[in-house]
Amino acid sequence: MRPMATLASAVVLLSASEQDSGASTIACMTTNKRNCEEQAGDDTDGKPQQTISGRPSFPSHVRMYDSGGFRVRRQILDSRQSTLADILGETASAAGNELFNVITIHDEVAQGAKYVVADGLRKVPPYYFTYLTYCKERWRDRNILDIFVTEFRDRDEEYYKLALSSGLVTINSKLADLDTIVRNGDRISHRIHRHEPPVTAKSIDIVFQDEDIIAIDKPSGIPVHPTGRYRFNTITEIMKHEMGLNVHPCHRLDRLTSGIMFMARTAKAAQLMAARLRERTVFKEYVARVVGEFPEHEVTCEMPVITVHPKLGLNRVKMDGKPATTVFKRLSYNGKTSVVRCRPLTGRTHQIRVHLQYLGHPIANDPIYANRRVFGPDLGRGGSGDDDDIVVRLARMGKYEEAQSVAYEEIKQYGKKAEGEKLSGEKCEVCDTELYSDPGLNDLELWLHAHKYGSNVEGWEYETKVPKWAQPNFGL
């Protein structure tokens, strides 16, 4: 492994005058210093003052940055500067609750960072969470129920109807209902009793670190940053709460994918690494174990990829998709499955997984693209299968049926225990939400590993150990 001295030396640090003196201090970038202080919630006497009213307190033109130079989103600022009563306004949960007048959303959420590790899983006990966001462009002038149902998978339509009718949702601190239309600039809050799915308890190993960049070996099954049903069970939050490291991802890596990933300590470092990846001066090499005997010769797939269903995370090869290129080379074959080296030259979502499926060799334990219950006996080879039918079947996976794959079928054939995540039939005693069973092997591990990242131009290279499943004799 070649050292990354070039990368470390090339990162431009913020000067002392550009940085904040305290890690928790937020710097406000505006031309009017007095206005900035008022918006940040400090008066001239240094006493905190609440600025949240019926409308969002931080205008879109006010940009705030943390001590690492990363921009802090408006909803994060609101969650730190405003009490629950300020945000929730007229909701039933805020009425008559004195605690809501003193505790902020940020403080309440921080109380939920309590991990329980058992049976190879990292769990987070249920906690209250106030989801806070601003209207996205695609949400403008749409009904709020329609937004909830189409954008968020973890709850069904009946739950969102109940939440709206029960006073759990506000728009700019005013109660929303089933007829509410979301407008540009609106701030939406939704208070829930949150149940995070367990993730693997495998450690996050550090491959390299300096004052700017940390290269980690990401375990499979853990999302990189808070998204959907996950918050504390994510790479960035685990590193913050258990390792004392405040970092930002420089690039994407799917929840199920393991391997090399770069995390930045500063905005300058993140921008530099992102630029390198965008300009393709960094090469990426993955290994995957796929169904069947992959061709011995090098195979290049240049089929365009498009997201068919964002909510379900389904992507497919389509002629109207974005250009995508992956170069494959077989490394070994054990009579049933092949280990393949994958070199993506573009960075589309699920690109390697989709291209392998299109070639007729999906990753053997892929719960989406190697799932016969979803794609049928051909497993989507050559783009086969009707999108609408596939979406209907995929929507059942992980809810009403355990996620399936070719490898999973073989495990069950030999009578081995291989239960997966699905609705358990039980409900939470606090919020009455339907509960899921714990995830199984097919929910937490994907035989796709980011083995090596490097730059021939700058002369650096990082790699991780090859996983056990990528060994030539695995499965024999």
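**Close-up 1. Strands β13 and β14 of the predicted model.** Strand β13, which spans residues 205–209, runs antiparallel to β14 and is joined to it by four bridges.

**Close-up 2. Strand β14 and its pairing with β16.** Strand β14 also runs antiparallel to β16, made up of residues 258–264, and six bridges join the two. In this pairing Asp217 stands opposite Ile260 in β16.

**Close-up 3. The two faces of β14.** Strand β14, residues 213–218, is mostly covered, with six of its six residues buried. In a regular strand, side chains alternate between the two faces of the sheet. On one side of β14 are Ile213, Ala215 and Asp217, and on the other are Ile214, Ile216 and Lys218; these residues are all buried, and both faces of the strand are therefore covered, buried meaning under 20% relative accessible area.

**Close-up 4. Nonpolar cores and the surroundings of Met239.** The largest nonpolar core has 89 residues, and Ile144, Met239, Phe262 and Phe328 are those with the most contacts inside it. Apart from this core lies another, of 14 residues, which includes Val305, Val354, Tyr369 and Ile390. When neighbours within four places in sequence are left aside, Met239 is in contact with Ile204, Ile214, Ile216, Gly244, Leu245, Val247 and Met263; of these partners, Ile214 and Ile216 were met above among the buried residues of β14.

Close-up 5. The C-alpha atom of Leu312 is separated by 9.6 Å from that of Ile368, a residue 56 places away along the chain.

**Close-up 6. Cysteines without a disulfide.** The structure holds zero disulfides. For Cys428, the closest cysteine sulfur is that of Cys431, at 3.6 Å, which is too far for a bond because a disulfide requires the two sulfur atoms to be within 2.5 Å. Cys428 has a relative accessibility of 9% and so counts as buried. Cys342 has a relative accessibility of 0% and therefore also counts as buried.

How values were computed. Residues numbered from 1 in each chain as written. Predicted model: local features only at pLDDT ≥ 70, side-chain atom pairs only at ≥ 80, totals over all residues. Heavy atoms only, no water. Buried < 20%, exposed > 50% of the residue type's maximum accessible area, 1.4 Å probe, protein only. Pairing = 2+ DSSP bridges. Core = buried A, V, L, I, M, F, W, Y, C linked by side-chain atoms within 4.5 Å. Contact = heavy atoms within 4.5 Å.
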